[in-house]
Amino acid sequence: MMIKSVREIEFNFKGEDTSYLTHSLHPYPAKFPPQLPKRILERYAVKEQTVLDPFCGSGTTLIEARIFGVNAIGVDVNGLSTLLSKVKATPLSQKQFNTIEIFVSKIENEVFKWKFSNRPKIKVKEIEGLDHWFQNNVSEEITFLLNEINLIKNNDIRDFLKIVLSSIIVRVSNQDSDTRFAAIDKNIQNGYTLEQFCKKANEYNSRIMEYSKLINDKTELQIFNADSRNLDFIPDNSIDLIITSPPYANSYDYYLYHKFRKLWLDLDVKFAQNNEIGSRREYSSLKENPEKWNNDLIKCFIEMQRVLKPNHLAFIVIGDSVIKKELIKIEKEISDFAPSTGFRVNEILSSDLSNHSKIFNPTFAQKGKKEHLIILQKQ
Ligand SMILES: C[S@@+](CC[C@H](N)C(=O)[O-])C[C@H]1O[C@@H](n2cnc3c(N)ncnc32)[C@H](O)[C@@H]1O
């Protein structure tokens, strides 16, 4: 099989809009720019094939796959990611948009009475540590929204509204920002949480409406909340193309980043905490050795290789890391272990993170670390 070189694709996304359609719904750390999967799909995919992202995060690959016209399978260990990916990549019908509009108008009509001291009384959902991270008036309004959302029968609409609520949780909490876990006094006024919810719901509704017009009903979306070291729910030789970005070791704790969102939405926290690979918790707190990182990646590569069709390609975006003060040059590690997993390394494109403002992700711009696009071919 003749493979076209990826080097002819332009991968510098500086100045490009990365927030079009549903890509901007909800904060998520270390997303790759949508143009990355888009350009790979345009060059290497054929309509109605099946594309897999085993670390689907906020669903960037899945959205682009559906717009391009291929079936999309996403896997992530984090329950918030899989819910978010589902909402961002699922088109809705006109009837569903109307139901959302009616729901939002109902909440808008409630705001006035929640603004004053004789607000309705409500028993706040019980969550450990809530008083430290949320003002009581905020917790009451979130509980009210959740109660209303849970009355909705249609799954897709309920999930959409949960994601709208989740997107404002950090803003209305005492947490300083999405990436800074310090409690500060924000003095959130009565009614503000409801107003923010309505504002986001209207914005997201119109974004999903635009996205929905582009989706061909014949393609399918499947999303699994699972650990990609074991993809036994995907048959051998069934995937045409993989486009993915595993964690960059010792850089993030995705499970922690979304902890309160998940507690409010009754999503499991422990599964992601115990099975997330490459987390800061593993390498900075539990002081695991770099070998653990290689072993986890090898398990994922063996599974990716198994599910790919023979000779087909996997595009992996991954960054170097520092573990126990040692710089891990990940393209070297992958080049060494890839053959033992049944992959050949076809090409590697690297960016010097200390020089580039934004090739893939600016937050890893530490001296000596590089980010790589590694193209593997199943042998
Ligand atoms: C770099 S992010 C992916 C971001 C994604 N490309 C996007 O644009 O949103 C890496 C993802 O890997 C997930 N992850 C970590 N360990 C995992 C595991 N064992 N199995 C599946 N997903 C995992 C994290 O939850 C996180 O969402």
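## A quick tour of the chain and its ligand

The ligand has 23 residues around it, and the closest are Lys31, Phe55, Gly57, Ser58 and Thr60; a residue counts as near the ligand if its C-beta atom, placed from the backbone, lies within 6 Å of it. Keep in mind that this is a predicted model: local features need pLDDT of at least 70, side-chain atom pairs count only at pLDDT 80 or more, and totals for chains, interfaces and linings use all residues. Residues are numbered from 1 along each chain as its sequence is written.

**Around the ligand**
- The shell splits into 10 nonpolar, 8 polar and 5 charged residues.
- Here Ala, Val, Leu, Ile, Met, Phe, Trp, Tyr, Cys and Pro count as nonpolar, Asp, Glu, Lys and Arg as charged, and the others, Gly among them, as polar.

**The chain overall**
- You'll find 14 helices and 11 strands in the chain, taken as DSSP runs (helices H or I, at least four residues; strands E, at least two) numbered from the N terminus.
- The C-alpha trace spans about 70 × 50 × 40 Å along its principal axes.
- Out of 379 residues, 45% are buried, meaning that 20 or more other C-beta atoms, placed from the backbone, lie within 10 Å of the residue's own.
- Among contacts with a separation of 6 or more, 75% come from residues 24 or more positions apart; a contact means two C-beta atoms, placed from the backbone, within 7 Å.

**Two domains**
- Domain 1 covers 6-79 + 220-252 + 267-378, while domain 2 covers 94-213; the bounds come from an automatic or database domain assignment.
- Their C-alpha centres sit 31 Å apart.
- Where they meet, 6 residues of domain 1 are in contact with 10 residues of domain 2.
- On the domain 1 side, that touching set has 4 nonpolar, 2 polar and no charged residues.

**Helix 13**
- Helix 13 (residues 290-307) has 18 residues, so at 1.5 Å a residue it should span 26 Å, and its end C-alpha atoms agree at 27 Å apart; the expected span is 1.5 Å times one less than the number of residues.
- Its buried residues are Trp293, Asp296, Leu297, Cys300, Phe301, Glu303, Met304, Gln305 and Val307.

**A look at Ala45**
- Ala45 lies in the loop between helix 1 (35-44) and strand 1 (50-53).
- This residue is buried, since 21 other C-beta atoms lie within 10 Å.
- Leaving out residues up to four places away in sequence, Ala45 touches Val51, Phe68, Val70, Asp240 and Leu241.
- Ala45 and Val70 are 25 residues apart in sequence, yet 7.9 Å apart in space, C-alpha to C-alpha.

Notes: Buried ≥ 20, exposed ≤ 12 C-beta atoms within 10 Å, placed from the backbone.
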